[in-house]
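Please show the structure that the questions below refer to.

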Amino acid sequence: ARAERNPRPPRSVFQNGTESSSAMLRAVLARAVRPMRTAQPVRHLNLHEYQSSALMAAKGVNVPVGYAAKTVDEAVAAAKKIGDAEVVIKAQILAGGRGLGTFTNGFKGGVHIIKTEQVAEYAGKMLGQTLVTKQSGPAGKPVNTIMIAKKMELKREMYFSILLNRPDPRALVIACAVGGTSIEDLAHSNPEAIVKVPVDMAKGMSDAEALTIVNGLGCTGDKAAASVQIKALFNMFCECDATMVEVNPLAEDAEGKLIAADAKVGFDDNAFFRQPEIFKQRDWTQEDPKEVQAAKFDLNYIALDGNIGCMVNGAGLAMATMDIIQLHGGKPANFLDVGGAAGEEQVKGAFNIITQDPSVKCLLVNIFGGIMKCDVIAAGIVKATKEIGLKIPLVVRLEGTNVAEGRRIIESSGLAITSAADLDDAAIKAVAAIQGH
(Lines give C-alpha, C1' and ligand atoms only; values in the text may rest on other atoms or scores of the structure.)
Protein backbone atom coordinates (compact mmCIF):
# COMPACT_ATOMS: atom_id res chain seq x y z
CA ALA A 1 0.00 0.00 0.00
CA ARG A 2 1.16 3.52 -0.77
CA ALA A 3 1.80 5.87 2.14
CA GLU A 4 -0.43 8.97 1.87
CA ARG A 5 0.11 12.33 3.45
CA ASN A 6 -1.67 15.53 2.51
CA PRO A 7 -3.65 15.12 -0.72
CA ARG A 8 -2.09 17.01 -3.60
CA PRO A 9 -2.94 17.48 -7.26
CA PRO A 10 -1.46 14.70 -9.37
CA ARG A 11 2.03 15.44 -10.61
CA SER A 12 3.94 13.90 -13.38
CA VAL A 13 6.47 11.22 -12.68
CA PHE A 14 10.07 11.76 -13.76
CA GLN A 15 12.76 9.28 -14.45
CA ASN A 16 16.52 9.25 -14.66
CA GLY A 17 17.90 10.88 -17.76
CA THR A 18 14.61 10.72 -19.69
CA GLU A 19 11.30 12.33 -20.29
CA SER A 20 8.23 11.95 -18.02
CA SER A 21 6.04 8.94 -18.62
CA SER A 22 2.58 9.77 -17.22
CA ALA A 23 2.49 13.54 -17.01
CA MET A 24 -0.95 13.53 -15.46
CA LEU A 25 -1.14 17.08 -14.21
CA ARG A 26 0.42 18.52 -17.33
CA ALA A 27 -2.03 16.63 -19.53
CA VAL A 28 -4.89 18.26 -17.66
CA LEU A 29 -3.23 21.66 -17.72
CA ALA A 30 -2.81 21.35 -21.46
CA ARG A 31 -6.55 21.75 -22.01
CA ALA A 32 -6.24 25.31 -20.72
CA VAL A 33 -2.79 26.24 -21.95
CA ARG A 34 -1.00 25.31 -25.16
CA PRO A 35 1.92 25.34 -25.58
CA MET A 36 3.61 24.90 -22.20
CA ARG A 37 7.19 25.22 -21.08
CA THR A 38 9.20 22.14 -20.44
CA ALA A 39 9.14 22.47 -16.65
CA GLN A 40 9.64 19.83 -14.04
CA PRO A 41 7.00 19.52 -11.32
CA VAL A 42 8.42 19.69 -7.85
CA ARG A 43 8.99 16.94 -5.32
CA HIS A 44 8.90 13.89 -7.55
CA LEU A 45 12.30 12.33 -7.20
CA ASN A 46 14.27 11.76 -10.37
CA LEU A 47 17.46 9.73 -10.18
CA HIS A 48 20.40 9.88 -12.56
CA GLU A 49 21.29 6.78 -14.52
CA TYR A 50 24.25 5.91 -12.29
CA GLN A 51 22.07 6.25 -9.17
CA SER A 52 19.31 4.06 -10.59
CA SER A 53 21.85 1.49 -11.70
CA ALA A 54 23.30 1.28 -8.19
CA LEU A 55 19.83 0.92 -6.67
CA MET A 56 18.93 -1.86 -9.08
CA ALA A 57 22.18 -3.69 -8.39
CA ALA A 58 21.46 -3.52 -4.66
CA LYS A 59 18.09 -5.17 -5.33
CA GLY A 60 19.62 -8.05 -7.29
CA VAL A 61 19.10 -6.74 -10.82
CA ASN A 62 21.87 -7.34 -13.37
CA VAL A 63 23.28 -4.00 -14.55
CA PRO A 64 26.35 -3.03 -16.61
CA VAL A 65 29.54 -2.25 -14.70
CA GLY A 66 29.83 1.52 -14.40
CA TYR A 67 31.25 4.28 -12.21
CA ALA A 68 30.25 7.89 -11.64
CA ALA A 69 32.90 10.58 -12.05
CA LYS A 70 32.74 14.26 -11.14
CA THR A 71 36.27 15.14 -12.30
CA VAL A 72 38.49 14.22 -15.23
CA ASP A 73 40.85 12.35 -12.90
CA GLU A 74 37.96 10.29 -11.50
CA ALA A 75 36.84 9.46 -15.05
CA VAL A 76 40.31 8.27 -16.02
CA ALA A 77 40.53 6.16 -12.86
CA ALA A 78 37.12 4.62 -13.57
CA ALA A 79 38.18 3.62 -17.10
CA LYS A 80 41.34 2.01 -15.74
CA LYS A 81 39.25 0.14 -13.19
CA ILE A 82 37.08 -1.30 -15.95
CA GLY A 83 40.26 -2.30 -17.76
CA ASP A 84 38.94 -2.60 -21.32
CA ALA A 85 40.24 -1.05 -24.53
CA GLU A 86 36.93 0.78 -25.02
CA VAL A 87 34.37 2.22 -22.59
CA VAL A 88 31.10 4.12 -22.78
CA ILE A 89 31.05 7.69 -21.48
CA LYS A 90 27.64 9.15 -20.62
CA ALA A 91 26.65 12.64 -19.50
CA GLN A 92 24.37 12.46 -16.47
CA ILE A 93 21.43 14.84 -16.83
CA LEU A 94 17.76 14.46 -16.03
CA ALA A 95 16.52 14.67 -19.61
CA GLY A 96 16.30 12.28 -22.50
CA GLY A 97 17.91 12.44 -25.91
CA ARG A 98 21.44 12.70 -24.51
CA GLY A 99 23.08 10.85 -27.37
CA LEU A 100 21.83 13.35 -29.94
CA GLY A 101 22.26 16.40 -27.72
CA THR A 102 24.72 19.25 -28.16
CA PHE A 103 26.77 20.98 -25.49
CA THR A 104 26.71 24.75 -25.39
CA ASN A 105 30.47 24.68 -26.04
CA GLY A 106 29.74 23.06 -29.41
CA PHE A 107 30.67 19.48 -28.48
CA LYS A 108 28.24 16.99 -30.03
CA GLY A 109 26.64 14.10 -28.19
CA GLY A 110 26.23 13.21 -24.52
CA VAL A 111 26.91 9.47 -25.01
CA HIS A 112 29.99 8.05 -26.76
CA ILE A 113 31.84 4.76 -27.13
CA ILE A 114 35.51 5.73 -26.94
CA LYS A 115 38.98 4.29 -26.46
CA THR A 116 40.22 4.32 -22.89
CA GLU A 117 43.01 6.76 -23.74
CA GLN A 118 40.36 9.26 -24.95
CA VAL A 119 38.51 9.43 -21.62
CA ALA A 120 40.36 12.50 -20.32
CA GLU A 121 39.70 14.42 -23.54
CA TYR A 122 35.98 13.61 -23.65
CA ALA A 123 35.44 14.10 -19.93
CA GLY A 124 37.04 17.54 -20.17
CA LYS A 125 34.59 18.52 -22.90
CA MET A 126 31.55 17.29 -20.95
CA LEU A 127 32.06 18.02 -17.26
CA GLY A 128 31.03 21.49 -16.14
CA GLN A 129 29.25 22.11 -19.43
CA THR A 130 25.58 22.40 -20.36
CA LEU A 131 23.93 19.77 -22.53
CA VAL A 132 20.91 20.72 -24.63
CA THR A 133 18.62 17.94 -25.86
CA LYS A 134 15.14 17.74 -27.34
CA GLN A 135 13.79 17.09 -23.86
CA SER A 136 15.93 19.44 -21.77
CA GLY A 137 14.45 22.69 -23.02
CA PRO A 138 16.53 25.34 -24.78
CA ALA A 139 18.41 26.23 -21.59
CA GLY A 140 19.79 22.69 -21.31
CA LYS A 141 20.96 20.89 -18.18
CA PRO A 142 24.30 21.18 -16.36
CA VAL A 143 26.59 18.16 -16.54
CA ASN A 144 28.17 17.82 -13.12
CA THR A 145 28.66 14.06 -13.33
CA ILE A 146 29.51 11.59 -16.06
CA MET A 147 29.28 7.81 -16.03
CA ILE A 148 32.06 5.58 -17.32
CA ALA A 149 30.52 2.20 -18.16
CA LYS A 150 31.71 -1.11 -19.53
CA LYS A 151 30.95 -1.59 -23.21
CA MET A 152 28.47 -4.45 -23.40
CA GLU A 153 28.13 -6.99 -26.20
CA LEU A 154 24.35 -7.32 -26.36
CA LYS A 155 22.60 -9.95 -28.46
CA ARG A 156 19.00 -8.75 -28.14
CA GLU A 157 17.23 -5.64 -26.87
CA MET A 158 13.77 -5.72 -25.32
CA TYR A 159 11.42 -3.30 -23.56
CA PHE A 160 10.20 -3.65 -19.96
CA SER A 161 8.36 -1.34 -17.60
CA ILE A 162 6.25 -1.34 -14.44
CA LEU A 163 3.72 1.43 -13.97
CA LEU A 164 1.51 2.49 -11.11
CA ASN A 165 -1.79 2.19 -12.97
CA ARG A 166 -4.07 4.47 -10.94
CA PRO A 167 -7.46 3.23 -12.26
CA ASP A 168 -6.44 -0.28 -11.15
CA PRO A 169 -5.11 -1.12 -7.65
CA ARG A 170 -2.58 -3.42 -9.28
CA ALA A 171 0.73 -2.52 -10.88
CA LEU A 172 0.91 -2.94 -14.64
CA VAL A 173 3.90 -4.68 -16.21
CA ILE A 174 4.46 -3.89 -19.90
CA ALA A 175 6.85 -6.05 -21.89
CA CYS A 176 7.85 -6.23 -25.54
CA ALA A 177 10.33 -8.43 -27.41
CA VAL A 178 11.51 -5.35 -29.32
CA GLY A 179 13.34 -2.65 -27.36
CA GLY A 180 15.90 0.09 -27.58
CA THR A 181 13.42 2.35 -29.33
CA SER A 182 10.28 4.35 -28.55
CA ILE A 183 7.57 2.19 -26.97
CA GLU A 184 5.03 4.75 -28.18
CA ASP A 185 6.03 4.06 -31.79
CA LEU A 186 5.85 0.31 -31.18
CA ALA A 187 2.41 0.63 -29.60
CA HIS A 188 1.23 2.42 -32.72
CA SER A 189 2.87 0.22 -35.35
CA ASN A 190 2.74 -3.20 -33.69
CA PRO A 191 0.41 -3.18 -30.63
CA GLU A 192 0.02 -6.98 -30.60
CA ALA A 193 3.73 -7.32 -29.79
CA ILE A 194 3.21 -5.65 -26.41
CA VAL A 195 2.34 -7.84 -23.43
CA LYS A 196 0.54 -6.31 -20.44
CA VAL A 197 0.38 -8.16 -17.12
CA PRO A 198 -1.38 -6.62 -14.08
CA VAL A 199 0.21 -7.74 -10.79
CA ASP A 200 -1.25 -7.42 -7.29
CA MET A 201 1.35 -5.53 -5.24
CA ALA A 202 0.01 -6.92 -1.96
CA LYS A 203 0.48 -10.51 -3.10
CA GLY A 204 3.63 -9.97 -5.12
CA MET A 205 4.52 -11.41 -8.51
CA SER A 206 3.81 -15.11 -8.92
CA ASP A 207 5.99 -17.55 -10.83
CA ALA A 208 3.29 -17.84 -13.48
CA GLU A 209 3.12 -14.07 -13.96
CA ALA A 210 6.90 -13.82 -14.20
CA LEU A 211 6.99 -16.62 -16.79
CA THR A 212 4.26 -14.91 -18.84
CA ILE A 213 6.41 -11.79 -18.95
CA VAL A 214 9.56 -13.76 -19.81
CA ASN A 215 7.73 -15.45 -22.69
CA GLY A 216 6.39 -12.11 -23.85
CA LEU A 217 9.93 -10.78 -23.95
CA GLY A 218 11.01 -13.76 -26.03
CA CYS A 219 13.91 -14.57 -23.74
CA THR A 220 16.26 -17.14 -25.31
CA GLY A 221 18.34 -18.00 -22.24
CA ASP A 222 17.53 -19.66 -18.92
CA LYS A 223 13.89 -18.76 -18.33
CA ALA A 224 14.08 -19.48 -14.60
CA ALA A 225 16.99 -17.05 -14.24
CA ALA A 226 15.13 -14.51 -16.38
CA SER A 227 12.08 -14.85 -14.12
CA VAL A 228 14.28 -14.10 -11.09
CA GLN A 229 15.38 -10.86 -12.76
CA ILE A 230 11.80 -9.85 -13.57
CA LYS A 231 10.79 -10.52 -9.96
CA ALA A 232 13.77 -8.51 -8.69
CA LEU A 233 12.65 -5.51 -10.74
CA PHE A 234 9.09 -5.85 -9.44
CA ASN A 235 10.28 -6.17 -5.84
CA MET A 236 12.35 -3.00 -6.25
CA PHE A 237 9.27 -1.20 -7.61
CA CYS A 238 7.25 -2.14 -4.53
CA GLU A 239 9.93 -1.84 -1.84
CA CYS A 240 11.14 1.58 -3.00
CA ASP A 241 7.65 3.11 -3.42
CA ALA A 242 8.30 3.70 -7.09
CA THR A 243 5.64 4.97 -9.45
CA MET A 244 7.46 3.72 -12.52
CA VAL A 245 10.40 1.53 -13.46
CA GLU A 246 11.25 1.49 -17.16
CA VAL A 247 14.13 -0.53 -18.62
CA ASN A 248 14.79 0.25 -22.26
CA PRO A 249 16.59 -1.70 -23.34
CA LEU A 250 16.35 -4.77 -21.19
CA ALA A 251 18.98 -6.79 -23.02
CA GLU A 252 20.38 -10.28 -23.37
CA ASP A 253 24.09 -10.91 -23.63
CA ALA A 254 25.68 -13.72 -25.64
CA GLU A 255 24.89 -16.23 -22.86
CA GLY A 256 21.23 -15.20 -22.69
CA LYS A 257 21.66 -13.35 -19.37
CA LEU A 258 19.24 -10.48 -18.80
CA ILE A 259 20.82 -7.07 -18.19
CA ALA A 260 19.08 -3.78 -17.40
CA ALA A 261 21.13 -1.77 -19.89
CA ASP A 262 19.39 1.59 -19.25
CA ALA A 263 16.68 2.47 -16.80
CA LYS A 264 14.26 5.18 -15.74
CA VAL A 265 12.87 5.25 -12.23
CA GLY A 266 10.26 7.53 -10.70
CA PHE A 267 9.38 7.66 -6.99
CA ASP A 268 6.28 8.64 -5.04
CA ASP A 269 7.00 11.92 -3.27
CA ASN A 270 4.69 10.92 -0.42
CA ALA A 271 7.20 8.18 0.41
CA PHE A 272 9.90 10.67 1.36
CA PHE A 273 9.69 9.72 5.03
CA ARG A 274 9.95 6.00 4.17
CA GLN A 275 12.80 6.29 1.66
CA PRO A 276 15.17 8.91 3.12
CA GLU A 277 18.32 7.33 1.68
CA ILE A 278 16.89 7.35 -1.83
CA PHE A 279 15.59 10.91 -1.57
CA LYS A 280 18.97 12.16 -0.34
CA GLN A 281 20.25 11.54 -3.85
CA ARG A 282 18.08 14.21 -5.42
CA ASP A 283 20.04 16.55 -7.71
CA TRP A 284 18.58 20.01 -7.20
CA THR A 285 20.80 21.51 -9.91
CA GLN A 286 18.73 19.72 -12.55
CA GLU A 287 15.44 21.35 -11.58
CA ASP A 288 13.74 24.66 -12.34
CA PRO A 289 15.01 27.07 -9.64
CA LYS A 290 11.52 28.51 -9.17
CA GLU A 291 10.06 25.08 -8.54
CA VAL A 292 12.84 24.27 -6.09
CA GLN A 293 12.04 27.49 -4.26
CA ALA A 294 8.33 26.62 -4.30
CA ALA A 295 9.07 23.29 -2.66
CA LYS A 296 10.70 25.10 0.27
CA PHE A 297 7.42 26.95 0.89
CA ASP A 298 5.33 23.79 0.35
CA LEU A 299 3.76 25.30 -2.76
CA ASN A 300 2.65 23.38 -5.83
CA TYR A 301 4.04 25.35 -8.77
CA ILE A 302 4.42 24.71 -12.50
CA ALA A 303 5.60 27.35 -14.95
CA LEU A 304 3.57 27.86 -18.13
CA ASP A 305 3.81 30.07 -21.20
CA GLY A 306 1.38 32.89 -20.41
CA ASN A 307 1.65 36.37 -18.93
CA ILE A 308 -0.92 36.37 -16.10
CA GLY A 309 0.54 34.97 -12.88
CA CYS A 310 -1.90 32.99 -10.72
CA MET A 311 -1.95 32.35 -6.98
CA VAL A 312 -4.88 30.17 -5.97
CA ASN A 313 -5.78 27.86 -3.10
CA GLY A 314 -6.87 24.43 -4.22
CA ALA A 315 -5.94 22.53 -7.37
CA GLY A 316 -9.49 22.50 -8.74
CA LEU A 317 -9.95 26.22 -8.25
CA ALA A 318 -6.54 26.82 -9.82
CA MET A 319 -7.59 24.83 -12.89
CA ALA A 320 -10.86 26.76 -13.12
CA THR A 321 -8.98 30.05 -12.76
CA MET A 322 -6.70 29.19 -15.67
CA ASP A 323 -9.68 28.15 -17.78
CA ILE A 324 -11.51 31.44 -17.12
CA ILE A 325 -8.40 33.48 -17.90
CA GLN A 326 -8.08 31.63 -21.19
CA LEU A 327 -11.81 32.11 -21.89
CA HIS A 328 -11.47 35.87 -21.58
CA GLY A 329 -8.50 36.07 -23.93
CA GLY A 330 -5.63 35.81 -21.46
CA LYS A 331 -2.89 33.24 -20.91
CA PRO A 332 -1.96 31.97 -17.44
CA ALA A 333 1.76 32.08 -16.69
CA ASN A 334 1.73 29.36 -14.08
CA PHE A 335 -0.13 26.87 -11.94
CA LEU A 336 0.36 27.73 -8.26
CA ASP A 337 -1.67 26.14 -5.48
CA VAL A 338 -0.86 27.53 -2.03
CA GLY A 339 -2.86 24.78 -0.35
CA GLY A 340 -5.32 25.14 2.50
CA ALA A 341 -3.10 26.43 5.30
CA ALA A 342 -0.91 29.11 3.76
CA GLY A 343 0.34 31.97 5.92
CA GLU A 344 1.95 35.32 5.22
CA GLU A 345 5.39 33.85 4.49
CA GLN A 346 3.98 31.43 1.93
CA VAL A 347 2.08 34.25 0.23
CA LYS A 348 5.27 36.31 0.06
CA GLY A 349 7.15 33.29 -1.25
CA ALA A 350 4.49 32.73 -3.93
CA PHE A 351 4.66 36.38 -5.02
CA ASN A 352 8.45 36.20 -5.26
CA ILE A 353 8.36 33.02 -7.33
CA ILE A 354 5.70 34.26 -9.75
CA THR A 355 7.28 37.66 -10.29
CA GLN A 356 10.70 36.14 -11.04
CA ASP A 357 9.24 35.25 -14.42
CA PRO A 358 9.80 38.28 -16.70
CA SER A 359 6.85 37.26 -18.88
CA VAL A 360 4.39 37.87 -16.01
CA LYS A 361 2.66 41.22 -16.60
CA CYS A 362 -0.19 40.87 -14.11
CA LEU A 363 -0.79 38.86 -10.94
CA LEU A 364 -4.22 37.39 -10.17
CA VAL A 365 -4.98 36.08 -6.69
CA ASN A 366 -8.09 33.91 -6.35
CA ILE A 367 -8.83 32.69 -2.82
CA PHE A 368 -11.88 30.79 -1.59
CA GLY A 369 -11.55 30.85 2.17
CA GLY A 370 -12.50 27.70 4.01
CA ILE A 371 -9.78 26.42 6.28
CA MET A 372 -7.75 29.30 4.90
CA LYS A 373 -9.12 32.62 6.16
CA CYS A 374 -9.48 35.54 3.77
CA ASP A 375 -8.18 38.07 6.31
CA VAL A 376 -4.95 36.09 6.79
CA ILE A 377 -4.42 35.91 3.04
CA ALA A 378 -5.27 39.60 2.63
CA ALA A 379 -2.68 40.55 5.27
CA GLY A 380 -0.12 38.37 3.48
CA ILE A 381 -0.94 39.98 0.13
CA VAL A 382 -0.50 43.48 1.52
CA LYS A 383 2.75 42.57 3.27
CA ALA A 384 4.18 40.80 0.23
CA THR A 385 3.22 43.64 -2.11
CA LYS A 386 5.01 46.16 0.09
CA GLU A 387 8.09 44.08 0.82
CA ILE A 388 8.85 42.96 -2.73
CA GLY A 389 7.84 46.29 -4.26
CA LEU A 390 5.38 44.79 -6.73
CA LYS A 391 5.53 46.72 -10.01
CA ILE A 392 2.85 44.91 -12.01
CA PRO A 393 -0.97 45.11 -11.71
CA LEU A 394 -2.49 42.98 -8.95
CA VAL A 395 -6.07 41.69 -9.10
CA VAL A 396 -7.50 40.00 -5.99
CA ARG A 397 -10.70 38.01 -5.64
CA LEU A 398 -11.58 36.86 -2.11
CA GLU A 399 -14.57 34.79 -1.01
CA GLY A 400 -15.41 32.68 2.03
CA THR A 401 -14.34 32.78 5.67
CA ASN A 402 -13.72 36.32 7.00
CA VAL A 403 -14.13 37.76 3.50
CA ALA A 404 -15.44 41.12 4.76
CA GLU A 405 -12.35 41.64 6.93
CA GLY A 406 -10.12 40.50 4.11
CA ARG A 407 -11.62 43.01 1.71
CA ARG A 408 -11.30 45.76 4.31
CA ILE A 409 -7.59 45.00 4.69
CA ILE A 410 -7.09 45.20 0.93
CA GLU A 411 -9.10 48.41 0.51
CA SER A 412 -7.46 50.20 3.45
CA SER A 413 -3.92 49.24 2.44
CA GLY A 414 -3.44 52.26 0.22
CA LEU A 415 -1.93 50.01 -2.44
CA ALA A 416 -2.94 49.83 -6.08
CA ILE A 417 -4.74 46.51 -5.71
CA THR A 418 -7.78 45.86 -7.90
CA SER A 419 -10.57 43.99 -6.13
CA ALA A 420 -12.84 41.62 -8.05
CA ALA A 421 -16.37 40.53 -7.18
CA ASP A 422 -16.10 37.03 -8.66
CA LEU A 423 -13.85 34.86 -10.80
CA ASP A 424 -15.19 36.16 -14.11
CA ASP A 425 -14.69 39.74 -12.95
CA ALA A 426 -11.16 38.91 -11.80
CA ALA A 427 -10.19 37.34 -15.14
CA ILE A 428 -11.67 40.21 -17.13
CA LYS A 429 -9.82 42.78 -15.02
CA ALA A 430 -6.53 40.85 -15.24
CA VAL A 431 -6.77 40.66 -19.05
CA ALA A 432 -7.62 44.35 -19.21
CA ALA A 433 -4.65 45.17 -16.98
CA ILE A 434 -2.34 43.30 -19.36
CA GLN A 435 -3.65 45.27 -22.31
CA GLY A 436 -3.12 48.56 -20.51
CA HIS A 437 0.24 47.71 -18.91
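The questions take up one histidine and then a pair of helices.

Reader: What kind of model is this, and how are residues numbered?
Author: This is a predicted model, in which local features need pLDDT of at least 70 and side-chain atom pairs count only at pLDDT 80 or more, while totals for chains, interfaces and linings use all residues. Side-chain values use heavy atoms, with hydrogens and water left out, and residues are numbered along each chain as its sequence is written, from 1.

Reader: Is histidine 112 buried or exposed?
Author: Histidine 112 belongs to strand β4, residues 111–115; a strand is a DSSP run of E with at least two residues, a helix one of H or I with at least four, and both are numbered from the N terminus. Buried means under 20% relative accessible area, exposed over 50% and partly exposed in between, with a 1.4 Å probe and protein chains only. Because its relative accessibility is 19%, histidine 112 counts as buried.

Reader: Which residues does histidine 112 touch, not counting those up to four places away in sequence?
Author: Contact means heavy atoms within 4.5 Å. With residues up to four places away in sequence left out, histidine 112 touches Val87, Val88, Ile89, Phe107 and Tyr122.

Reader: How are α11 and α12 oriented to each other?
Author: The axes, lines fitted to C-alpha atoms over the stretch in contact, have angles from 0 to 180 degrees between N-to-C directions. Those of α11 (residues 344–355) and α12 (residues 374–388) come within 8 Å and cross at roughly 50°. Angles under 35 degrees count as roughly parallel, over 145 as roughly antiparallel, 65 to 115 as roughly perpendicular and the rest as oblique. Therefore α11 and α12 are oblique.

Reader: Which residues of α11 meet α12?
Author: On the α12 side, the residues include Val376, Ile377 and Ala379. On the α11 side, they are Glu344, Glu345, Val347, Lys348, Phe351, Asn352 and Thr355.
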